[in-house]
2 protein chains.
Amino acid sequence: MRVGDAARQLGTSARMLRYAEQLGLVAPARTAGGYRDYGQRDLAAAAFALELQARHRVTPAALAFGLRALEDPEVAGSLRRLARLRGGDAATALDFETAKARRLLRLAS
Amino acid sequence: MRVGDAARQLGTSARMLRYAEQLGLVAPARTAGGYRDYGQRDLAAAAFALELQARHRVTPAALAFGLRALEDPEVAGSLRRLARLRGGDAATALDFETAKARRLLRLAS
DNA sequence: CCAACCTTGACAGTATCTTGTTAAGGTTAG
DNA sequence: CTAACCTTAACAAGATACTGTCAAGGTTGG
């Protein structure tokens with residue numbers, strides 16, 4: 001199924017389906033000529049992604065990062081570390097790249 | 001440590017620290033009078049959150065959702081289901097670099 | 001060949017996020 | 001008590017994300 005028909009099926013736009021693919025929320029196959037080819041699974045993924053955005057009130061990009069948090073061990077590790085730092089209140093020194101982080105903080109302000 | 005001193009320590013503003021708390025990225029204790037009381041761990045969490053935003057090229061809101069994905073079983077389950085539907089590779093997920101992240105990386109180099 | 005669809009890329013408008021600032025008042029510590 | 005800090009809430013400016021639309025050209029299938 002091509003992107004236009006998929007969009008009509010889902011009640012969204014072809015533009016949004018391409019954006020969702022760019023974010024990694026859906027990964028349709030391609031024809032020999034380069035056309036996106038949506039199967040039932042791809043439709044379900046796109047529909048579910050839209051539902052999750054509404055249910056959790058998050059943007060497509062946040063949803064994509066949530067996927068990475070589950071699939072990329074480095075991301076998961078970093079988030080667990082952040083959760084640990086945020087949750088606790090015992091005295092622990094800034095034992096990671098303090099200087100770099102401070103610099104980024106300053107530049108971002 | 002109060003919010004103003006914490007901001008100076010991190011090279012950022014009190015406003016940003018309050019915003020980070022609103023997003024759930026930091027959770028400083030409160031004094032009896034309601035003042036935020038930042039410990040070393042809170043400082044580390046705030047700095048690490050900023051570093052993660054730059055490293056993984058995501059917004060603060062996306063980072064907060066990543067934490068939810070790690071801590072809320074319902075969110076985690078939904079995301080695993082989405083990942084299963086999407087199947088295939090997660091490599092495309094690396095393509096959602098934001099302009100802000102690019103700016104931070106440029107400034108940090 | 002042709003109509004209808006698709007591709008990527010870029011531009012633009014709108015919505016939302018991020019951050020600062022101000023106001024009115026409360027807390028802390030000297 | 002006072003100075004200096006903090007609180008929340010709100011408004012506003014600037015940056016970014018999201019989405020539509022257009023352009024130039026390629027694919028598909030009759």
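A residue counts as buried when 20 or more other C-beta atoms lie within 10 Å of its own C-beta atom, as exposed when there are 12 or fewer, and as partly exposed in between. By this criterion, 36% of the 109 residues of chain A are buried. The views below show a predicted model.

**View 1. Chain A by its secondary structure.** Chain A contains six helices and two strands. Along the sequence these elements follow the pattern α-α-β-β-α-α-α-α. Of the chain A contacts between residues at least 6 apart in sequence, 45% join residues at least 24 apart.

**View 2. The surface near DNA strand C.** Around DNA strand C there are 23 residues, and those that come nearest are A:Gly4, A:Arg36, B:Ser13, B:Gly33 and B:Thr59. By type, the residues of this surface are ten nonpolar, eight polar and five charged. Four helices each supply at least two residues of the surface: H1 (3–10) and H2 (14–23) of chain A, and H2 (14–23) and H4 (60–71) of chain B.

**View 3. Helices H1 and H2 of chain A.** Two packed helices are described by the angle between their axes and the distance between the axes. The axes of H1(A) and H2(A) cross at roughly 100° and come within 8 Å. Angles of 65 to 115 degrees count as roughly perpendicular, so H1(A) is roughly perpendicular to H2(A). On the H1(A) side the contact involves A:Val3, A:Gly4, A:Ala6 and A:Ala7, which meet A:Ala14, A:Leu17 and A:Arg18 of H2(A). The residues of this contact comprise five nonpolar, one polar and one charged. A:Gly4 is also among the residues that come nearest to DNA strand C.

**View 4. A:Gln9 in helix H1 of chain A.** A:Gln9 sits in helix H1 of chain A. Is A:Gln9 buried or partly exposed? A:Gln9 is partly exposed, because its C-beta atom has 13 others within 10 Å. A:Leu79 is 70 residues from A:Gln9 in sequence, and their C-alpha atoms are 36 Å apart.

**View 5. Helix H5 of chain A against helix H4 of chain B.** H5 of chain A (residues 73–87) packs with H4(B) at an angle of about 90°, and the two axes are 10 Å apart. H5(A) and H4(B) are therefore roughly perpendicular. H5(A) contributes A:Leu79, A:Arg80, A:Leu82 and A:Ala83 to the contact, and H4(B) contributes B:Gly66, B:Leu67, B:Leu70 and B:Glu71. These residues divide into five nonpolar, one polar and two charged.

**View 6. The largest nonpolar core.** In soluble globular proteins, nonpolar side chains tend to be buried together. The largest nonpolar core here has 55 residues, and A:Ala49, B:Ala45, B:Ala46 and B:Ala49 have the most contacts inside it. Helix H3 of chain B (residues 40–56) gives the largest share of this core, ten residues. Which residues does A:Ala49 touch, not counting residues up to four places away in sequence? Its partners are A:Ala20, A:Leu25, A:Val26 and A:Leu63, together with B:Leu82 from the other chain.

**View 7. A:Ala64 in helix H4 of chain A.** A:Ala64 belongs to H4 of chain A, which covers residues 60–71. A:Ala64 is buried because 27 other C-beta atoms lie within 10 Å. A:Gln22 is 42 residues away along the chain, and the two C-alpha atoms are separated by 9.8 Å.

**View 8. Arg57 in chains A and B.** Most residues other than glycine have a negative phi. A:Arg57 has a positive phi, near 55°, and phi of B:Arg57 is likewise positive and near 55°. In chain A, Arg57 lies in the loop between helix H3 (40–56) and H4. B:Arg57 lies in the loop between H3 and H4 of chain B. A:Arg57 counts as exposed because it has 10 C-beta neighbours inside 10 Å. B:Arg57 counts as buried because it has 20 other C-beta atoms within 10 Å.

**View 9. B:Gly87 in the loop between H5 and H6.** B:Gly87 is placed in the loop between helix H5 (73–86) and helix H6 (99–108) of chain B. With 12 other C-beta atoms within 10 Å, B:Gly87 is exposed. B:Gly87 touches A:Ala27 and A:Arg41 of chain A, not counting residues up to four places away in sequence. Within chain B, B:Leu17 is 70 residues from B:Gly87 in sequence and 38 Å from it in space, C-alpha to C-alpha.

Terms used
Residues numbered from 1 in each chain as written. Chains lettered and ligands numbered in written order. Predicted model: local features only at pLDDT ≥ 70, side-chain atom pairs only at ≥ 80, totals over all residues. Near = placed C-beta within 6 Å. Nonpolar A, V, L, I, M, F, W, Y, C, P; charged D, E, K, R; others polar. Axes fitted to C-alpha atoms, helices over the stretch in contact; angles between N-to-C directions. Parallel < 35°, antiparallel > 145°, perpendicular 65-115°, else oblique. Contact = placed C-beta atoms within 7 Å. Core = buried A, V, L, I, M, F, W, Y, C linked by C-beta atoms within 7 Å.
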